[in-house]
Amino acid sequence: MTTSQSGTAGHPADRGDQHPQTLLLLGATGDLADRLLLPGLGRLVATGAQPNLTLLGSGTDDWDDERWRRRVADAFAAAGATGPRVKEVVRTTSYLPADVTKEEDLRRLLSNCHDQLVIFFALPPAITAQAAAALTRIGLPPGTRLMLEKPFGTDAVSARSLNEVLARLVPEEQVYRIDHFLGKSTVMNILGLRFANRIFEPMLSSAHVACVDIVFDETLGLAGRAGYYDGAGALIDMVQSHLLQVLALIAMDAPPTLDARDLRGRKAQVLRATRVWADDPATWSRRGRYAEGEVNGKRLPGYADEPGVDPSRGTETFAEVVLCVDTWRWAGVPFRLRTGKGLAARRKEAVVTFKQPPRVPSGLIGYDQPDRLRIGFGPDRLGLDVNINGPGNPLELGQAHLVADFGPGGLPPYGEVLRGAFDGDPTLSVRGDTAEDCWRIIAPVLDCWRAGAVPLREYPAGSWGPEDSLLIPVPAVATEG
Ligand code: BG6
């Protein structure tokens, strides 16, 4: 059965800031700016939301204004962003080559920014940390907002020290740690589903839930991103950031409002209570790396043979970990997080599997599947698997799959997170303590993998992942976690 969603969507950050603003984009010639940031910005500008925006690009490449303008115009056009405002941003944008780890270059950049300033660090974590430290020595114009791309630091210690540096620059509310999953419509979809209905929320606890799976399987391989990915791997790239954010949204208690303080406070509480199942990462985590294979009829070279990859690092392209959320509501319920690249099919969803009914009356036959609630985040879709009496023999059960599409968001995720920063609303960014906590949660897994306690399993590209790794089975006994 398929239904479609009705109703109109509002947005918590719909309070446009009309003051002239400058977006200083550091790392402007890089891949992130080209593929995601500029397209998101173009779409945002096209809505008319930022009428007085000036864009200043900067990078270490020796580009001139003309080359930069072409890059911006192409990225906007590819995103389908058109209209007079979009043209104006392209016409007025300029580019300044700079090494942002050097104070004199930063001074030169800042002297070119006259309006209320938003700085986007589209840079690797080590360079971001150096640039932020240099900025503490020269100071920032009052009211400056800072946007930092993930990963935020490289571990809990570096995340903490980066937070300390940022705290010397601007108040926490002016720091936007970007997790673009929070800019997907997923966030509002989960909140609406959970807190605007009576029927789901009372069921979401250890009394009724057997386990929660958060799965992000991709068919895509490395896609030329060795420079970043080979130093990160699947656990840091996806679990430490995006999947833990999804876990927080699914497991948190209802926030009284959707403002930044309430929503981020609820997420932080749940993540503080989250750790590896039974504190035993050797048992409750898996890692893998794709070997040569075929995905959707196309040959994918093995990860280790991709240009720029150092096979001896043993970087994983598949990660799976079981976590517990040690709260009254969730104690004893395993949260299984899994992600991989080069897999047979895309699967991007959170699945809540309910416990069996206490007793299925004898006489009803064919019960073999528990009920499941599915929240898809690509495509955005709600699914409910329920047992009903099928056709023919009225005593025989069968499973029905009810599906409804969530309304698509108006903006791409980067457009949405940029809008948050322009509007001065950090609701959809990661708070400093939460960024540290996400590192704390995965640290035992990283340590255990580095010590070789969990083998790196090879799987052919186009397969379902390492053998025996199709979701680690639910722990048999729900222990004290
Ligand atoms: C990025 C990761 O943050 O998210 C990528 O670095 C991943 O490896 C991507 O493919 C997935 O996001 P999206 O928006 O494509 O669903």
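Two strands are taken to pair if DSSP finds at least two bridges between them. In the predicted model described here, strand β8 (residues 209-217) and strand β15 pair in the antiparallel sense, over 8 bridges. Within this pairing, Arg 347 of β15 is the bridge partner of Asp 217. Strand β15 is also joined to strand β16 (residues 372-377) by 5 bridges, and these two strands likewise run antiparallel. Here the bridge partner of Val 352 is Leu 373 in β16. Strand β15 spans residues 347-354, and because 7 of its 8 residues are buried, the strand is largely enclosed by the rest of the structure.

The buried residues of α11 are Tyr 414, Gly 415, Glu 416, Val 417, Leu 418, Arg 419, Gly 420, Ala 421, Phe 422 and Asp 423. They pack against several elements, among them α1 (31-46) and the strands β2 (21-26), β3 (53-59) and β5 (116-121); β6 (145-148) and β7 (175-177) also take part in this packing. Just after the helix, Gly 424 adopts a positive phi of about 70°.

Ser 429 counts as buried because its relative accessibility is 1%, under the 20% limit. Its side chain makes a polar contact with the side chain of Arg 264, at 3.3 Å. Apart from neighbours within four places in sequence, Ser 429 is in contact with Val 175, Tyr 176, Arg 177, Leu 182 and Arg 264. Arg 261 belongs to helix α10 (residues 260-272) and is exposed, with a relative accessible area of 71%.

The structure holds 8 cavities of 30 Å³ or more, and the largest cavity comprises about 140 Å³ of space. Of the 16 residues that line this cavity, Lys 150, Phe 152, Gln 240, Ser 241 and Val 430 are the closest to its centre. Two or more lining residues are given by each of α9 (234-251) and α12 (432-450), and α12 supplies the largest share, 4 residues. By class, the lining has 8 nonpolar, 4 polar and 4 charged residues.

Several backbone features were also identified. Most residues other than glycine have a negative phi, and most peptide bonds are trans. The peptide bond from Lys 150 to Pro 151 is cis, with omega near -5°, and Pro 151 lies in the loop between β6 and α6 (156-169). A cis bond also links Gly 378 to Pro 379, again with omega near -5°; Pro 379 is placed in the loop between β16 and β17 (380-389).

Positive phi values occur in two alanines. Ala 223 has a phi of about 55° and is found in the loop between β8 and α8 (226-229), where its relative accessible area of 54% makes it exposed. Ala 278 has a phi near 55° and lies in the loop between β9 (274-276) and β10 (285-291). At 39% relative accessibility, Ala 278 counts as partly exposed.

Key:
Residues are numbered from 1 along each chain as its sequence is written. This is a predicted model: local features need pLDDT of at least 70, side-chain atom pairs count only at pLDDT 80 or more; totals for chains, interfaces and linings use all residues. Side-chain values use heavy atoms; hydrogens and water are left out. On a 1 Å grid over the protein atoms alone, a cavity is a set of points where a 1.4 Å probe fits but cannot get out, and a pocket is an open set with protein on both sides within 12 Å along at least five of seven lines; lining residues have an atom within 4 Å of a point. Grid points are joined across faces, edges and corners, and a volume is the space filled by probe spheres set on the points. Ala, Val, Leu, Ile, Met, Phe, Trp, Tyr, Cys and Pro count as nonpolar, Asp, Glu, Lys and Arg as charged, and the others, Gly among them, as polar. Buried means under 20% relative accessible area, exposed over 50%, partly exposed in between (1.4 Å probe, protein chains only). A polar contact is a pair of N or O atoms within 3.5 Å; within protein, one must be able to donate a hydrogen and the other to accept it, and residues adjacent in sequence count only if both atoms are side-chain atoms. Contact means heavy atoms within 4.5 Å.
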